[in-house]
Number of protein chains: 2
Amino acid sequence: MSIKVFGHKSPDTDSTGSPLIWAWYLSEIKGTPAEAKLLGEPNTEAAFMLERWNLDKPEIIDGVAADEPVVIVDTNNPAELPDNINDADIQAIIDHHKLVGGLETKGPIDITIRPLACTATIMVDLMGADIAKMPEAIKGAALSCILSDTLEFRSPTTTAHDRAVAETLAANLGIDIPAYAAEMFAAKSDVSAFSDAELLRMDSKEYGVGDTKFRVSVLETTSPATVLDRKASLMEAMTTVAAEDGVDQVLLFVVDILNEESTLLVPNDLVKDVAAKSFDVTAEGDTVVLPGVVSRKKQIIPNLKV
Amino acid sequence: MSIKVFGHKSPDTDSTGSPLIWAWYLSEIKGTPAEAKLLGEPNTEAAFMLERWNLDKPEIIDGVAADEPVVIVDTNNPAELPDNINDADIQAIIDHHKLVGGLETKGPIDITIRPLACTATIMVDLMGADIAKMPEAIKGAALSCILSDTLEFRSPTTTAHDRAVAETLAANLGIDIPAYAAEMFAAKSDVSAFSDAELLRMDSKEYGVGDTKFRVSVLETTSPATVLDRKASLMEAMTTVAAEDGVDQVLLFVVDILNEESTLLVPNDLVKDVAAKSFDVTAEGDTVVLPGVVSRKKQIIPNLKV
């Protein structure tokens with residue numbers, strides 16, 4: 001039976017590209033048939049990557065069967081995976097997030113988690129000399145994953161190693177990183193096709209502070225004005241999304257990739273308070289700018305207070 | 001602050017040797033001060049290893065402080081670690097057991113779990129070319145860990161890679177594996193100093209089948225008669241140990257390393273039933289022999305039925 005390789009339920013570039021990279025490696029190098037799958041529709045940047053490198057969009061699956069062989073990449077959080085994930089035959093996990101707890105395996109398996117910016121960087125390391133055998137499309141996917149997760153090396157999650165791997169791949173492919181990253185970020189910034197609720201859920205993680213449950217959403221864009229033009233309806237949609245998803249409040253951080261700052265939407269006094277206590281800023285109107293804040297993992301979640 | 005490196009609460013050879021190996025690597029090669037610690041008294045085989053290779057017995061600690069930097073080896077099971085382990089600053093996990101779930105980290109860290117027989121084998125892999133810098137004592141510890149966890153390559157958990165690593169280490173040290181393993185197993189078989197309750201808890205894991213909670217204990221020995229001579233008092237002690245530890249039944253498997261079989265003590269009809277359903281054997285008296293069964297991980301736990 002072919003192994004299904006997939007990332008989390010909100011496929012960004014790393015969660016779309018990494019399954020393709022690892023499925024290639026398992027199938028073509030290790031001789032173990034494997035297929036990349038998706039647990040949701042890829043975002044616009046991930047879709048751009050697929051088209052740019054002539055990669056077929058992986059099939060979207062809505063669950064796993066009991067005892068089905070799977071490899072999980074770019075997450076170790078059961079909340080971001082099918083409900084019955086622990087019934088599957090989990091064969092490996094490759095990830096760069098903190099250990100959340102909750103995944104269980106039936107026997108000892110291969111687990112590699114590293115404090116790097118991107119799953120694809122870890123995969124390149126695990127492949128060793130076999131990276132020379134990567135076709136252009138797979139190299140292009142790996143490069144795209146690293147540029148996406150590091151925001152072209154601007155994010156504080158970036159390590160020297162992520163950067164070195166990306167620069168080697170780009171040199172090898174003859175890709176100019178600034179020009180290519182600009183194309184990727186433009187694709188990510190095209191959010192016109194999405195409803196307000198879709199935008200609030202697109203790149204979002206639930207996180208509790210004391211008794212308060214947040215949905216912490218970020219939108220990374222080179223065109224923050226495009227999103228902020230919709231702020232009134234986005235703030236309205238927050239109430240519905242929070243109720244439907246069983247959280248107390250949606251927090252939306254619009255990350256301006258090029259200027260390395262975020263704008264937090266401030267629909268009410270709770271969020272105004274969060275802004276003051278977490279980031280030491282006073283929101284005068286319905287938005288507040290957080291200079292330098294671009295990473296949910298390193299800068300938003302660790303500082304969140306109510 | 002020096003990093004504390006430790007294994008589980010019932011230190012066998014791998015859980016005593018692996019912390020010494022990794023603390024050496026962190027301190028001497030990576031320039032990160034680290035110290036091996038123990039969460040309990042090492043067993044007699046582990047004590048033999050320490051003496052044979054002139055290694056100082058690591059300090060036994062009874063807990064961790066909040067935010068203290070630690071590296072966990074040879075387990076990922078919170079039940080086998082200090083109660084407040086998730087309050088520590090877990091910096092890495094190196095293990096070869098199934099993922100149990102329950103450990104959580106504050107940020108992304110280094111986690112390496114591999115389906116190999118022994119933690120020390122994984123460490124040798126992670127060190128790469130630096131293994132050439134290992135002093136004799138550290139090589140001796142690594143060799144001991146692999147011979148112990150594989151029962152000198154007899155256990156079905158043994159992989160070709162574990163064996164190759166052990167043989168390289170032995171050749172390098174000028175050690176004759178059969179002679180050295182015999183010394184180790186003789187040390188492990190010397191259980192005269194232990195009370196019955198201590199023997200039942202020495203190498204033991206809790207495991208539930210349906211609503212029935214077992215303490216599944218193994219005693220690996222080259223001299224099963226020494227243990228079986230005590231079977232009457234061991235069976236008596238089972239009742240007390242089960243009550244004190246909140247389980248329904250202690251199962252004791254006396255593993256005959258050299259003859260590659262186990263003897264299960266059968267104190268009552270529950271265990272007689274377990275023997276029949278799990279291993280398809282009929283216990284006529286108060287013991288039953290299970291030919292070929294030497295591994296709790298591969299042969300006992302996966303077959304256990306009530």
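**The contact between chain A and chain B**

Let me begin at one pair of residues: the bridge partner of A:Ile111 is B:Ile113, which lies in β6(B). This is a predicted model, in which local features need pLDDT of at least 70, side-chain atom pairs count only at pLDDT 80 or more, and totals for chains, interfaces and linings use all residues. Residues are numbered from 1 along each chain as its sequence is written, chains are lettered from A and ligands numbered from 1 in the order in which they are written, and side-chain values use heavy atoms, with hydrogens and water left out.

Strand β6 of chain A, residues 110-113, runs antiparallel to β6(B), and three bridges join them. Strands here are DSSP runs of E, at least two residues, numbered from the N terminus; two strands pair if DSSP finds at least two bridges between them.

I turn now to the interface as a whole. Chain A and chain B each bring 23 residues to the contact, meaning heavy atoms within 4.5 Å. Together they bury about 1,800 Å², of which 56% is on carbon and sulfur atoms. Buried area is the accessible area (1.4 Å probe) lost on putting two parts together, summed over both. On the side of chain B, the most area is lost by B:Leu99, B:Pro108 and B:Ile111, together 34% of what that side buries.

Finally, the charged groups. Two salt bridges are counted between the chains, each a side-chain nitrogen of Lys or Arg within 4 Å of a carboxyl oxygen of Asp or Glu. One salt bridge joins the side chains of B:Arg114 and A:Asp110, at 3.4 Å, N to O.

Notes:
Helices (H or I, at least four residues) and strands (E, at least two) are DSSP runs, numbered from the N terminus.
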